Amino acid sequence: MTDGARLEGWVPEIGGAVSLEAVVDQAFDYRGNVTVVKTDGSETVGYLFNRNRDVPVPFVQMFDVNGAGPYTIPYREIRTIRFTGRDTAAGQSYAAWLRAKEAAKGALHAEKDSGRTPPRDA
Amino acid sequence: MSLPVSQMWAVASYVIKQKITGRKRYPLVLMLEPLFRCNLACAGCGKIQYPAQILRKHLTVEQCLAAVDECGAPVVSIPGGEPLMYPDIGPLVEALVARRKYVYLCTNAILLKEKLEAGLFTPSKYFSFSVHLDGLRAEHDEAVCRDGVYVQAVEGIKEALRRGFRVTTNSTLFDGVSPLKMREFFDEMMDLGVEGMMISPGYSYSKAPDQEHFLRTQRAHDLFSAILSNPKRRWRFNQSPLFLQFLMGKQDFECTPWGNPTYNVFGWQRPCYLLQEGYAASFTELLETTRWENYGRRSGNEKCRDCMVHCGYEPTAVHHTFASWRGFRDTVHATVTGRF
């Protein structure tokens with residue numbers, strides 16, 4: 001899984017083919033809220049904006065859903081990360097804009113055509 | 001080039017000082033993003049796709065000034081998000097000007113007229129509005145995905161100029177742009193009376209809504225050559241002529257990712273304004289712990305392969321000017337003749 005739209009709703013099981021490091025990387029790249037499930041069973045829901053593995057104690061950082069933080073959580077305390085929030089980068093704003101423009105053009109042409117074409121019974 | 005002499009002198013003396021002191025990596029322009037919130041959702045922008053609680057966040061003025069002081073760059077650019085939506089933008093600009101930083105407030109100008117009428121800003125040689133315009137009316141409104149924005153921006157520019165502010169424009173170019181239309185756009189901006197223009201190809205943000213129109217290297221060279229090969233004498237650019245030559249394929253530069261460091265609500269962004277590979281808690285940490293060898297076109301990094309964006313290559317162009325007599329000569333020649 002590499003694309004955000006496909007990550008939305010993903011509940012990875014860490015272990016085997018899915019490593020914690022890979023899931024953290026996906027969460028870091030994901031533009032929606034996630035739920036970090038810790039080894040003690042507690043959960044933090046929010047936006048994971050940073051991760052660093054190049055330090056003696058690798059960690060992630062996040063702001064919770066109220067914007068509080070940043071909270072720093074060591075990798076070793078993470079059981080898994082669930083992709084619970086909507087992916088804000090998966091929107092189709094540009095496609096929607098193009099569709100709206102095309103529809104407006106179509107309506108304009110239809111209006112012009114209806115003005116030019118004399119009624120058959122005229 | 002249209003930069004005021006005092007600004008050119010400030011940048012030149014800063015660069016020379018860095019060279020004399022033997023500093024290997026130094027910043028030229030701090031990209032200060034006080035917020036990500038924006039009143040537009042442009043097709044080519046990958047900066048604003050965040051959950052609501054992140055979009056509601058913004059830096060305090062104290063955080064901004066601490067970043068400016070730590071970084072030490074002579075120029076501060078304030079992009080975003082839309083900085084005119086930042087509640088403390090007036091006090092922030094005032095404090096930066098008091099520090100004699102050259103400030104570019106990068107805005108879509110939708111709110112510009114309103115903020116000027118509210119008396120939020122005072123004209124200064126240190127302060128310039130950099131208005132985002134990606135072309136003439138039809139082209140710009142399409143780029144920002146909303147009708148009427150070009151007209152609002154032009155009204156804002158006129159009002160700012162009338163009040164004695166420095167005004168520049170910044171334009172991001174994508175595949176499919178008409179060189180002829182861009183030349184008409186340059187004429188239009190000069191007619192308006194802006195101080196200078198800045199142009200750059202767009203970066204292929206993986207999070208941007210439109211993924212089809214980012215320029216690849218050769219296409220970028222062709223496009224910028226078609227636009228700039230026979231420049232009119234009246235066109236003024238607010239950027240290094242060597243960077244414009246680079247866009248045309250006449251200079252072979254490597255990226256200077258630390259040249260325009262970025263600070264925002266997440267911290268100091270690694271490695272540059274465009275890529276988000278993590279955050280450092282301080283500017284010193286950013287400089288010392290980022291693996292710079294992994295970035296730039298020669299690094300082989302796929303994400304850097306087609307990037308020709310100003311924030312990485314304009315610092316290289318400025319460095320090149322002061323690194324050799326040839327670079328200095330090329331810059332002076334392009335500046336005096338107006339040819340690239």
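This is a predicted model: local features need pLDDT of at least 70, side-chain atom pairs count only at pLDDT 80 or more; totals for chains, interfaces and linings use all residues.

Visitor: Which form does the peptide bond from Gly69(A) to Pro70(A) take, cis or trans?

Guide: The bond from Gly69(A) to Pro70(A) is cis, and its omega is near 5 degrees.

Visitor: How many residues lie between β3(A) and β4(A) in their hairpin?

Guide: There are six residues between the two strands of this hairpin. In the turn, Gly67(A) has a positive phi of about 90 degrees. The strands β3(A) and β4(A) are joined in the antiparallel sense over four bridges, and Phe59(A) stands opposite Pro74(A) in β4(A).

Visitor: How do strands of a sheet pair in general?

Guide: Strands of a sheet pair through backbone hydrogen bonds, and the pairing is either parallel or antiparallel. In this structure, chain A has an open sheet of five strands in the order β4-β3-β2-β1-β5, with antiparallel pairing. Its edge strands are β4 (71-74) and β5 (78-82) of chain A, each of which pairs on one side only. From one strand to the next, the twist averages 45 degrees.

Visitor: Which residue of β5(A) is the bridge partner of Val36(A)?

Guide: The partner is Ile81(A). The two strands concerned, β1 (residues 34-38) of chain A and β5(A), pair in the antiparallel sense over four bridges. Helix α2 (residues 20-29) of chain A packs on the sheet and touches β1, β2 (43-52), β3 (59-64) and β5 of chain A. The direction of this helix makes about 40 degrees with that of β5(A).

Visitor: Let us turn to chain B. How many helices and strands does chain B have?

Guide: Chain B has 13 helices and nine strands. Along the principal axes, its C-alpha atoms fill a box of roughly 45 × 45 × 40 Å.

Visitor: What does the radius of gyration of chain B tell us when set against that of a compact globule?

Guide: A compact globule with 340 residues would have a radius of gyration near 20 Å; chain B has 19 Å, so the two agree.

Visitor: In what order do the strands of the sheet of chain B lie?

Guide: The order is β6-β5-β4-β3-β2-β1-β7-β8-β9 in an open sheet of nine strands, and the pairing is mixed. At its edges are β6 (196-201) and β9 of chain B, each pairing on one side only. Neighbouring strands are turned against each other by 30 degrees on average, with direction ignored.

Visitor: In which sense do β5(B) and β6(B) pair, parallel or antiparallel?

Guide: Strand β5 (residues 166-173) of chain B and β6(B) pair in the parallel sense over six bridges. Within this pair, Thr172(B) has Ser200(B) of β6(B) as its bridge partner. Helix α7 (residues 149-162) of chain B lies across β4 (127-132) and β5 of chain B and runs at about 165 degrees to β4(B).

Visitor: How is the packing of two helices to be read, and at what angle do α3(B) and α4(B) cross?

Guide: One may look at the axes, the angle, the hand and the residues in turn. The axes of α3 (residues 61-71) and α4 (residues 89-98) of chain B come within 10 Å and cross at roughly 25 degrees. The two helices are therefore roughly parallel. The crossing of α3(B) past α4(B) is right-handed. On α3(B) the contact is made by Val61(B), Cys64(B), Leu65(B) and Val68(B), and on α4(B) by Pro91(B), Leu92(B), Ala95(B) and Leu96(B). By class, the residues of this contact are eight nonpolar, no polar and no charged.

Visitor: Which backbone details in the loops of chain B deserve attention?

Guide: One of them is the peptide bond from Gly80(B) to Gly81(B), which is cis with omega near 10 degrees. Gly81(B) lies in the loop between β2 (75-78) and α4 of chain B. Another is Ala109(B), a residue other than glycine with a positive phi, near 70 degrees. Ala109(B) is found in the loop between β3 (102-107) and α5 (112-117) of chain B.

Visitor: Finally, how many residues of each chain are in contact with the other chain?

Guide: In this model, 16 residues of chain B are in contact with 20 residues of chain A. On the side of chain B, the elements that give two or more residues are α2 (52-55) and β9 (276-280). That side has nine nonpolar, three polar and four charged residues.

How values were computed: Residues are numbered from 1 along each chain as its sequence is written. Chains are lettered from A and ligands numbered from 1 in the order in which they are written. Two strands pair if DSSP finds at least two bridges between them. Axes are lines fitted to C-alpha atoms, for helices over the stretch in contact, and angles run from 0 to 180 degrees between N-to-C directions. Two residues are in contact if their C-beta atoms, placed from the backbone, lie within 7 Å. Angles under 35 degrees count as roughly parallel, over 145 as roughly antiparallel, 65 to 115 as roughly perpendicular and the rest as oblique. A crossing is left-handed if the near helix is turned anticlockwise from the far one by less than a right angle, and right-handed if clockwise. Ala, Val, Leu, Ile, Met, Phe, Trp, Tyr, Cys and Pro count as nonpolar, Asp, Glu, Lys and Arg as charged, and the others, Gly among them, as polar. The radius of gyration is taken over C-alpha atoms; the globule rule is 2.2 Å times the number of residues to the power 0.38.
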